[in-house]
Amino acid sequence: MKERTSGVDWAAVLRRTFHFDVFACVRCGGWRRVLAYMKEAGGVRAILKHLGLPTAGARLAPARGPPQASWC
């Protein structure tokens with residue numbers, strides 16, 4: 001089965017929105033390129049664990065009501 005792609009150039013969207021080129025190296029000014037991308041969580045967790053980085057996502061606070069509700 002062929003994978004569908006959205007056709008959206010995510011790098012161009014980031015460049016337009018935040019005026020930041022994700023492919024420009026901040027150290028040397030050269031151009032980066034995508035070597036691979038990962039979609040499976042297991043592989044991402046393994047790499048993060050190997051690098052000593054946290055593998056769990058951030059804890060989210062429960063939703064709260066709008067500020068005007070506290071005035072009533």
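Here is a quick briefing on the chain shown above.

This is a predicted model, so local features need pLDDT of at least 70 and side-chain atom pairs count only at pLDDT 80 or more, while totals for chains, interfaces and linings use all residues. Residues are numbered from 1 along each chain as its sequence is written, and side-chain values use heavy atoms, with hydrogens and water left out.

**Overall picture**
- The chain has 2 helices and 0 strands, taken as DSSP runs numbered from the N terminus (helices are H or I with at least four residues, strands are E with at least two).

**The loop and its neighbours**
- His19 sits in the loop between helix H1 (10-18) and H2, and its phi is near 55 degrees, a positive value in a residue other than glycine.
- Most residues other than glycine have a negative phi.
- His19 counts as exposed because its relative accessibility is 71%.
- The salt bridge count comes to 1, using a side-chain nitrogen of Lys or Arg within 4 Å of a carboxyl oxygen of Asp or Glu as the rule.
- That pair is Arg15 and Asp21, whose closest N and O atoms are 3.8 Å apart.
- Arg15 is partly exposed, at 37% relative accessibility, whereas Asp21 has a relative accessible area of 18% and so is buried.

**Cysteines**
- There are 0 disulfides here, a disulfide being a pair of cysteine sulfur atoms within 2.5 Å.
- Cys25 is in no disulfide, and the nearest cysteine sulfur, in Cys28, is 3.7 Å away.
- Seen from Cys28, Cys25 has the closest cysteine sulfur, but 3.7 Å is too far for a bond.
- Cys25 is buried at 16% relative accessibility, while Cys28 is exposed at 64%.

**Nonpolar surface patch**
- Met38, Val44, Ile47, Leu51 and Leu53 make up a nonpolar patch on the surface, with about 440 Å² of accessible area together.
- Patches take residues with over 30% relative accessible area and no salt bridge, joining like charges within 9 Å and nonpolar side chains (Val, Leu, Ile, Met, Phe, Trp, Tyr) within 5 Å.
- Leu53, one of the patch members, lies in the segment after helix H2 (41-50) and is partly exposed, at 44% relative accessibility.

Notes: Accessible areas come from the Shrake-Rupley method with a 1.4 Å probe; for residues, only the protein chains shown count as cover. Buried means under 20% relative accessible area, exposed over 50%, partly exposed in between (1.4 Å probe, protein chains only).
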